[in-house]
Amino acid sequence: MSGHVWLLPLKNIDDDARAVKLGEIALLERGEGQQKFVGEPLRMMLIALEEESRHPFAVDENGTAVGVLTLQAGAATLAGWPDDDTAWLLRGFLIDRRQQGNGLGTLAAEAAVREAAKLTAGLGSGQAGVVLSVNEGNPAGQAAYSKAGFEDRGQYLGGGSGPQRTMYRAF
Ligand SMILES: CC(C)(COP(=O)(O)OP(=O)(O)OC[C@H]1O[C@@H](n2cnc3c(N)ncnc32)[C@H](O)[C@@H]1OP(=O)(O)O)[C@@H](O)C(=O)NCCC(=O)NCCS
């Protein structure tokens, strides 16, 4: 198991650093069949950079991007949460196919909760935790999140790709 990942906030770095990081993100790959669970990484980051409510992060290990994730405010109902504003939505979570299964996803999900708590403290935006939805047919995702301390809050039938589990972790 690897020891450490660093979440690099793509909105809060200078243009040159962001361009380098986006170049690395463009090389990330999804595994076969994973297009169903997560979008194309570079595209997700470019969309998030344009939207005020979204905070895109590169998941870095040893200074190189090995994955991506996004925290979004005001959108928790997209994961089956009863309201939009009391939790951050964790979305667009990918660890590069060649790096999966080494514990990085668990570490990144834990780090995402810490970053979300920092965002809430800085913005005064009042969220109490992080919520996400994961496909019932995605055991690796469910395993990584539960190892990162997320608890199953039941089935969610919204979204277009089949039944999901709503998972939540308080700060
Ligand atoms: C989900 C994802 C982010 C997890 O990252 P990761 O680095 O592979 O996760 P980890 O190595 O920390 O942990 C994965 C856990 O799932 C388990 N796992 C992996 N593949 C599995 C499978 N097919 N069935 C059951 N468990 C599986 C691993 O064994 C591990 O648990 P363990 O340490 O107890 O053995 C990554 O697999 C990924 O990017 N998948 C494609 C996109 C995706 O599904 N994103 C999430 C959308 S909600």
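Of the 22 residues around the ligand, the nearest are Gln100, Gly105, Thr106, Ala140 and Ala143, where a residue counts as near if its C-beta atom, placed from the backbone, lies within 6 Å of the molecule. This is a predicted model, so local features need pLDDT of at least 70 and side-chain atom pairs pLDDT 80 or more, while totals for chains, interfaces and linings use all residues. Numbering runs from 1 along each chain as its sequence is written.

H4 gives the most to the shell, five residues. The elements that each supply at least two shell residues are tabulated here; helices (H or I, at least four residues) and strands (E, at least two) are DSSP runs, numbered from the N terminus.

| Element | Residues |
|---|---|
| Helix H3 | 104-123 |
| Strand E5 | 129-135 |
| Helix H4 | 139-147 |
| Strand E4 | 87-95 |

Now for helix H2 (residues 41-50). Its buried residues are Pro41, Met44, Met45 and Ala48 (buried means 20 or more other C-beta atoms within 10 Å of a residue's own, exposed 12 or fewer, partly exposed in between, with C-beta atoms placed from the backbone). Down the H2 axis they fall within an arc of 95°, so they line one face of the helix; the arc is that of the directions from the axis to the C-beta atoms. Exposed Arg43 and Glu50 sit on the face turned away from that buried side.

Key
Contact = placed C-beta atoms within 7 Å.
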